[in-house]
Amino acid sequence: MAFTPRTIAEIRDALLSYWAAEYLANGEVLLTAPGSDAYLLAGMIAITQSACDVQALQVSRDILPDQASNGAIERFGYVYGVGRAPAVAARLTVTVTGTPSATITIPAGSSLAWTDGTLYLSTSTSVALSGGGSGTINVAATTTGLTTTRAVGDVLTWQSAPAGLNPTGTVASVVTAGDDAESYQSWAQQIISRLRERPASGNRADWAAWVQAYTALDIREVYVYPTTQPTTGAATLGCVTVVAVGPAQGNSTSNTRVLGGTPGAALTEVHDYIEGTRTSTGLVTATGTQLRPVTMSAGDYTVDAISVTPQTVQMTLVVNSANAFPFGFTATIDASSTTTSLVLVGNYTTGASNLALQPVLVDVGNTNYRGGYYRVVLPAGSFGGGNTTFDLTATPLPDIPSGTLYPAPGCWSEFQTAMFAYFDSLGPGDTTPPRRWPSEDNGARATVYRSALVATAMAVPGVLSASVTTPASDVAPAARAVVTLGTLLAVQ
Amino acid sequence: MSLVYAYTRHREPTSGEVVLSGNEWEASRAPMTEVVAMTLRTWAGTCAVDPTLGVAWATVNRLAPGATATVQYVISQALARYVSAGLITGLAVAATQSASTRIDYVVSFRDPRMDGGPLRITGAF
């Protein structure tokens with residue numbers, strides 16, 4: 001039963017009422033006017049009693065984890081053995097440049113810095129530079145948290161550049177995105193999930209717990225399909241199919257949610273762990289414990305990475321003046337374009353069609369850039385032979401552009417981030433009839449609803465209205481498959 | 001001693017200490033006078049139980065011109081809640097400045113629940 005604490009005034013007035021009644025019963029009247037002796041005494045007691053009421057309220061909330069205080073959640077976590085996900089340090093690959101064809105030794109402890117002071121320690125001890133003078137090293141942030149994640153293209157500066165290397169490096173990819181420690185709210189939700197369905201005796205929660213216990217892969221979510229035959233997906237008693245999902249992709253070019261890198265592939269190392277032939281940290285062992293119930297065979301279950309169903313998204317946005325589209329036309333990209341030279345068919349150097357210093361979107365494909373459409377501010381172009389050429393040597397594109405050039409709205413980056421987050425929150429599809437656990441009603445919807453895309457876009461500051469051109473209808477993935485973002489474009 | 005219309009403890013007017021009669025608290029014979037005296041003794045904001053209780057003495061600068069008017073004003077403001085509640089009537093506040101920086105004040109009022117003439121409290125700030 002919920003406890004309702006009283007206010008100080010309520011307690012004081014109630015006390016004065018009782019007190020006055022006692023006097024009245026004795027044939028006397030107690031002076032209870034504000035400022036009176038009794039009023040102030042009752043006020044003092046009320047302050048103390050109010051603190052007791054507040055404490056009683058908190059105690060009543062701490063009985064169960066859903067409304068519990070942080071301290072109580074920690075205690076629930078300890079008692080029920082549900083740990084809090086720790087903060088994660090970002091791990092990146094960084095392109096460094098220097099003496100062509102040289103192999104550069106990177107002294108231990110060498111680190112690069114971001115402009116906010118975040119340091120990234122090189123985990124590579126040497127780098128072999130190409131004939132063009134570039135190479136890639138691995139780095140890891142020396143601190144943890146969301147803020148340690150860098151975008152591809154961010155420039156880091158060596159604290160002390162190794163001999164033979166230039167003083168800066170450019171982030172080439174995000175291997176592991178940095179993350180803050182799990183929030184108390186999320187931790188409490190985990191505990192509640194554990195209490196609702198305790199892992200035991202090979203039930204679906206047990207399968208999820210086993211897979212999550214394998215730490216050699218960055219497994220963030222697990223979905224269990226009980227009585228699902230691993231190969232055919234048919235409903236079969238005694239079979240289990242488990243799908244493990246990795247961390248959010250963010251702006252990485254590789255889908256980090258696909259564990260192992262191959263969509264739909266069996267995660268054999270997790271299978272080995274459940275068989276007891278591999279430790280939870282990924283090492284082969286002869287002394288492990290088989291987790292699979294002895295009543296089922298090893299072929300009756302599988303632990304897979306998610307399958308993917310790429311989906312192009314094109315939306316029409318109405319934005320405020322601060323985020324306006326800079327111009328109202330499109331242009332055709334010539335096939336002679338390269339990563340450092342954007343060639344447009346026609347003259348875009350004069351008048352209203354002059355694209356100098358204009359932010360534009362060009363499709364560079366999904367291979368080297370998530371979502372395909374890359375925003376770049378064009379330098380002054382040069383017209384000749386019917387084409388306009390923009391020299392992008394200073395700001396090269398991630399890949400060769402093609403197709404049509406569009407104007408970029410001011411809030412493009414925020415729009416992109418919101419869409420990435422939306423697709424990264426999707427879960428795998430369900431079977432018919434539904435068998436997925438946790439079910440879609442308990443989080444991680446699988447279907448891409450067009451209205452959800454609109455809602456996501458509308459949440460971006462500066463977007464006044466949004467509509468979806470593609471997909472033409474809601475997209476529901478097959479069982480075990482997750483809808484992923486293909487090409488992302490916003491037009492006016 | 002006969003009891004007036006309501007019981008409240010009698011306090012020593014200057015110090016505010018309760019007055020004992022033998023082993024018992026002495027009852028006040030002018031209940032609202034106790035309340036007014038308590039208000040005058042209290043600096044506004046210093047009573048944790050009732051922060052609105054008291055006179056805004058901190059706003060009075062005894063060296064400033066018009067200090068007596070300020071004293072009259074802050075006392076009237078402090079007692080206004082009793083007037084508006086009908087607990088006291090006929091409130092009048094007078095203040096005079098002596099040769100030094102001391103300001104003497106006289107607060108007079110009636111307690112509508114008691115017979116008799118106006119009640120009077122004098123003090124200095």
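Reader: How much area do chain A and chain B bury between them?
Author: This is a predicted model, in which local features need pLDDT of at least 70 and side-chain atom pairs count only at pLDDT 80 or more, while totals for chains, interfaces and linings use all residues. Buried area is the accessible area (1.4 Å probe) that two parts lose on being put together, summed over both. Of the area between chain A and chain B, 68% lies on carbon and sulfur atoms, and the total is about 1,400 Å².

Reader: Which residue of chain B meets D37(A) in a salt bridge?
Author: A salt bridge is a side-chain nitrogen of Lys or Arg within 4 Å of a carboxyl oxygen of Asp or Glu. Side-chain values use heavy atoms, with hydrogens and water left out, and residues are numbered from 1 along each chain as its sequence is written. Two salt bridges are counted between chain A and chain B. In the one at D37(A), the N to O distance is 2.4 Å and the partner is R11(B).

Reader: Which strand of chain A pairs with β6(A) over seven bridges?
Author: Strands are DSSP runs (E, at least two residues) numbered from the N terminus, and two strands pair if DSSP finds at least two bridges between them. Strand β4 (residues 119-122) of chain A pairs with β6(A) in the antiparallel sense over three bridges. The seven bridges, also antiparallel, join β6 (residues 134-141) of chain A to strand β1 (residues 91-98) of chain A.

How values were computed: Chains lettered and ligands numbered in written order. Helix = DSSP H or I, 4+ residues; strand = E, 2+ residues; numbered from the N terminus.
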